Amino acid sequence: MRLPSETKQALRRGHAFSTATLLAATMALAASPARAQQAYFSFEGNIAAAGGQHEFTFNLPSNQADTDDLFFQTYSGVGGTNLAGDTITVGVNPRLDFVKTDGSLGVWDDSNATIDARIDFGDDLDSGHVLPDPLLAGDYRLTHSTRDNNRVGTWALDLAAPAGNFILTGLSPVNSSTVTSLKFGTTGTGANSAVFNNTGATTVSGLVTVESGGVLNASTGTSTFYANGGVLVDGGAAIIQRDNFSIADGTTFEATNGAQVSAINTINDPDDLDASVDTLFYFVSTGISTASVTYNINAGADFATPGGLLIGLGGNGTFIVDGVGSSLSVGATTNNAISELGSLGNGNLTVRNGATADYFSNFLWLGRLASASNTTTLSVESGATFTAKDIKASASNAESEAGAVVINVTGAGSTLTQFNRSWVALTLGSTSSTSTNTTTVNVTNNGVFTTGAGATTLNRTATLNIDTRGVFNANGDVNVNGGDLNRIDGVFNLADGKKLTASNNGTVDFTGFYIINGGSTFEINSGADFTVSHFLDVANNLSSTDGDGTLIVDGVGSTLTTNTSRNVALDWGRVNTAQVTVRNGASATIQSGAALRLAKFGGSTSSASLTIDSGFFRLPTTFSANTIEVASSTGGGTASITVTGTGASLTQSGASTLTIGAPASTSGTSASLNQSGASALTTVVPGTGTVTVTNGGRLTTGTGTTTVNTNGTLNVEATWNNSLFNFNVGRLLLNGNLVIEDGGELAGNGGIDEGTTTGATITNRGTLRTARDVVFPFPGSSLSRSFATEINVAYTQAASGVMTFGVADMVGGSGDDVLTQVFINEDYTLAGQVRFLAEDTGDPLTDLGFLGLYSEQGLIQNSSSASPTRTGVFDTVAGHILGDGTAIAVLYDGAEVNAQRVYFGDADLDGVIDQSDLDIVVDNWLKNNLTDSLADISWASGDFTGDGLVSWADLDAVLLNWEGDTDPVLPPGIPEPASLALLGLGGLCLLGRRRTSQPNSTT
């Protein structure tokens, strides 16, 4: 028989029933009782000494008639089978006394040795005493004693009445009588109950069994109910309250076969966990004890408590919810209560085999104030479901914390889910440096742990293990604050836009691969470690959720290590934007022979950046990898690598290569088949890649080739750091070959060195740009070659190559413009173009003021004792004509290429434009660097325009500036002058006139 549905639902919600509420729920049906349904209460007991009695009090809500099956029957006289179906052996010779408490009725039966005592509406064979008809409603007392009240032994008693019209209110011993067993419920059909509404002090030394139809209410007033032998709610219902109900140590409270249990309390928290909250609790433990109390809810039974549930508080407590349909509900009514598991005692909560547990209470606290010998376990197993709000495990941060806390979510269909609200958090472990507790969370065997939208924190003593296809879904930020996060063989899902932070020597260790995307961020700082055994992708599309990804490794001792066991490429920025930063003394290592690919395959929307930054304090910050591809394919994405600050280094290993940007040949269209099978043309946009080594950073390549493609830029540059007053020059170390492709650019005024191998070379088919952002901090500072680019490998500039020199203003110095230079300490071959640009605009030089050229500021020099061999000259010189009638003359002197500011047309550099300058032009007429490789066709050869050919424009430079009294004239361009015959007139030599002023020249 099941309880009425309204009663069951009220119990399931955890309603705190008073006696009146209980009667309203169970006795309202008394007006139309089902005569075929009978309530029974079967007692067994023992009288240990003469004079032992037991008194039973009850209430009849309505009048009873002789047609109702109401009787009181003993079994100890001759034995038999009671209404509960138990076999009773012969015990004491019993006597029954039945009175109405107002004194208006008294009936008794004193049995003889051959029969048992019985009181009912019919004839009594022994005494002839019968119940009056009708038996009026009211309160009654039945006393069980022995014949002559001097017998000892076991006894048995049944109380029977129509279901719904009999409420047992108490039982109490007199002298030495005890109740060793109580079973009650209903028989027959109907919807009424057998109610035990305890109002006094009741003790049952044996098992209390509440069978189908029975309702045990041990929660009224100041009553007490001591179940010293345990409780079995077998299809019935129980309402129990912390301060009214007690179950003895070492016993079990079991609810089974659809039983309904409501555990309530109306007294404020005595431990004052939060004095501002009127907290309700139910205890699953008693006192300070090593004995254990077990609650077992199974076979479709339900256990509900409106406030908090304390399991193992003081003593040891075990709570098991087992089987499909079995449930635990905590805090549904008073959801601001606190629940605890294992505080000052061992606590064990297990939900298994399809059962459910719902914690609506404010938070669930595991292992609070546990000692070293305490163990606290929360297990969700075998298809069970567990929901909760905040969960704390050993998280009070007290120095006295000890013991072990374990949370297990294991088995297919097993789920532990926190409410998905921003304030719902998961806090594991202690931050105290002296705490010895351990907190371990195991999500295994297809179990699923889903957090709330609040933060998940793994403090120093916490470990989260995700193994054997377990799944951990983090809906909020994750803070590994000194703890350990291990994804061994399972899934770690960080919600879109959320952040994982590992700090204070915490560890994040992932077996297999992982993808950071969906707008998520991983930050590893304060000595934490992040290890991925397979590949680590950022902003890739291998998972169901795409989006941006950010990875930061920050601080001394913080490390990133990936590809420890598999040689698989890493893709950063394959889809959307990937940002990876290693800074302030951290290190990152990509092991095995895997390639690191930035912004490859993802199309024009993909981008990736990698920054290695030694920070303000210039701490050693390292990144090591193998092959690196920086937007090197037809994907059309953009990617950059920046190595900045003294101590910052990017190192490639072995025969690895570095490819920057995509070659121009990848642009255009390509044909492909779409999903419908039709042919489609796709625009192919080459990727754009940039690598910048600056401010003292260092890049060391592998022994393979470093290639800067058409759409790539390799910047090796330096800046002045006013905070440190320390000028830092970036370095590029080549173990292989650097190729600057046509359209590519290498820029900076750092150094290019040969690595551990020999024979490294630079081939410039694009642009080598030097001199950027030259700044002097103090007035009167002299120039230093620290502002130049130094090349310590063989340099070849092809016919398509460009070497660009910048002119920058000396800030804080004399105010003059400064032309920077290149130091080449190995053999070099020149061709192509040399170009001069103003650094502030990037345009060819025009309208610049006085150009201060110092003797050490030659265009190309060597700074070592060895003298490199120069071969060839620049084919053309561009941007060298100044706006004041002067120009920068490019001169070749042995192994050096120098520059000097002179008047336009002054070939012999004597400050006079005269016959000697004209003779030089005539002697080299129509000679050029393309057809006459033996001639250095330069300024000194009469090539004032820098186009590699002595022609009409150069002749115009001499003729138009011949007169010394006029301002110098810039060349009008290429058209031939009108007076061609002047070329053949010897009289031209008579036109020479020395100028009266000369530009400053110190070469």
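Which residues of helix 4 are buried? In this predicted model, the buried residues of helix 4 are Trp 952, Ala 953, Asp 954, Leu 955, Asp 956, Ala 957 and Val 958.

**The chain as a whole**

- Among contacts in the protein chain with a separation of 6 or more, 72% are between residues 24 or more positions apart.
- The chain exposes about 35,500 Å², and carbon and sulfur atoms supply 50% of that area.

**Helix 4**

- Helix 4 spans residues 952–960 and is mostly covered, with seven of its nine residues buried.
- The partner against which the buried residues of helix 4 pack is helix 3, formed by residues 915–923.

**Cavities**

- Four cavities of 30 Å³ or more are present in the structure.
- The volume of the largest cavity is about 80 Å³.
- This largest cavity is lined by 16 residues, and those closest to its centre are Val 877, Ser 938, Trp 939, Asp 943 and Gly 946.
- Two elements give two or more residues each to this lining, namely strand 89 (876–878) and strand 90 (886–893).
- Strand 90 makes the greatest contribution to the lining of the largest cavity, giving three residues.
- Sorted by class, the lining of the largest cavity comprises eight nonpolar, six polar and two charged residues.

**Backbone features in loops**

- Asp 133 and Pro 134 are joined by a cis peptide bond, with an omega of about 10 degrees.
- Pro 134 is located in the loop that runs between strand 8 (118–120) and strand 9 (138–146).
- Leu 344 is not a glycine, yet it has a positive phi of about 60 degrees.
- The loop between strand 29 (338–343) and strand 30 (347–352) contains Leu 344.
- Leu 344 has a relative accessible area of 45% and is therefore partly exposed, as this class lies between the limits of 20% and 50%.
- Asn 584 likewise is not a glycine, and its phi is positive at about 55 degrees.
- Asn 584 is found in the loop between strand 56 (577–583) and strand 57 (587–590).
- The relative accessibility of Asn 584 is 26%, so this residue also counts as partly exposed.

Conventions. Residues numbered from 1 in each chain as written. Predicted model: local features only at pLDDT ≥ 70, side-chain atom pairs only at ≥ 80, totals over all residues. Heavy atoms only, no water. Buried < 20%, exposed > 50% of the residue type's maximum accessible area, 1.4 Å probe, protein only. Helix = DSSP H or I, 4+ residues; strand = E, 2+ residues; numbered from the N terminus. Contact = heavy atoms within 4.5 Å. 1 Å grid on protein atoms, 1.4 Å probe; cavity = no way out; pocket = protein on both sides within 12 Å on 5 of 7 lines; lining within 4 Å. Points joined across faces, edges and corners; volume = space filled by probe spheres on them. Nonpolar A, V, L, I, M, F, W, Y, C, P; charged D, E, K, R; others polar. Areas by Shrake-Rupley, 256 points an atom, 1.4 Å probe, with all protein chains shown as cover.
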